[in-house]
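Subject: Structure handover

Hello,

Here is the structure I said I would pass on. My notes on it come after the structure itself.

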Amino acid sequence: MFGMSSVTVTNYFMQFVDCKRLLLPKILCVDEVFLNIDSNHKYALVLMDFETGNIVDIVISRRKEDTQRYFSNIPLKERKTVKFLICDMYNPYINYTKNYFYNSVAIVDSFHVISWLNRSINNYINQVKKRLQKRDEQLIKQRNIIIDNPPDSKEIYLLKNYKFFLL
């Protein structure tokens, strides 16, 4: 509308707006958001209070040097109030409990746990399907049958078309 790029607007905002950080909550959620301001600031780190849903703060980058400086500037007494850190399976986030929030336990959020489980089950289904396809190919060879596109066995048909029941 004003002929400015989103990066320019973000830079002005960061330069002139000073939003005070909220106090760290008992249950802190951390996750990143893609900003792509520049090569050093692709992802910002969002801190959120799990119980209220309020944004505690947004750190300009999730890079170790930025988060280390940020968390080290928060008084230890306040950091010790965090009891649970909810995050995805990104190791640097899980390690925040050892590095900054000494009284807390890392908890992987349910979305990522379910995604991981679904991916694991799906991989297993694909392995079984490949094993069954090899079995079927060997049976065709043993019978000396030449078929360009052999029909799927019942097992393969079920795994291809109804695996969503398992997932």
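This is a predicted model: local features need pLDDT of at least 70, side-chain atom pairs count only at pLDDT 80 or more; totals for chains, interfaces and linings use all residues.

Cores. The largest nonpolar core has 17 residues, and the members that touch the most others are L28, V30, L45, L47, F71, Y96 and F101. At least two residues of this core come from each of β1 (27–34), β2 (43–49), β3 (55–59), α2 (64–72) and β4 (84–87). Another core lies apart from it; that one has five residues, including I125, V128, L132 and I156.

For L47, leaving aside neighbours within four places in sequence, the contacts are L28, C29, V30, N54, I55, V56, D57, V59, Y70 and F71.

Helix pair. The axes of α6 (residues 110–142) and α7 (residues 154–161) come within 10 Å and cross at roughly 150 degrees. Angles over 145 degrees count as roughly antiparallel, and α6 and α7 are therefore roughly antiparallel to each other. Their crossing is left-handed. On the α6 side the contact is made by I125, V128, K129, L132, Q133, R135 and D136, and on the α7 side by E155, I156, L159 and K160. By type, the residues of this contact are five nonpolar, one polar and five charged.

Loop. N144 sits in the loop between α6 and α7. Is N144 buried or exposed? With a relative accessible area of 69%, N144 is exposed, because the cut-off for exposed is over 50%. Between the C-alpha atoms of N144 and I114 there are 45 Å, with the two residues 30 apart along the chain.

Regards

How values were computed. Residues are numbered from 1 along each chain as its sequence is written. Side-chain values use heavy atoms; hydrogens and water are left out. A nonpolar core is a set of buried Ala, Val, Leu, Ile, Met, Phe, Trp, Tyr and Cys residues joined through side-chain atoms within 4.5 Å. Buried means under 20% relative accessible area, exposed over 50%, partly exposed in between (1.4 Å probe, protein chains only). Helices (H or I, at least four residues) and strands (E, at least two) are DSSP runs, numbered from the N terminus. Contact means heavy atoms within 4.5 Å. Axes are lines fitted to C-alpha atoms, for helices over the stretch in contact, and angles run from 0 to 180 degrees between N-to-C directions. Angles under 35 degrees count as roughly parallel, over 145 as roughly antiparallel, 65 to 115 as roughly perpendicular and the rest as oblique. A crossing is left-handed if the near helix is turned anticlockwise from the far one by less than a right angle, and right-handed if clockwise. Ala, Val, Leu, Ile, Met, Phe, Trp, Tyr, Cys and Pro count as nonpolar, Asp, Glu, Lys and Arg as charged, and the others, Gly among them, as polar.
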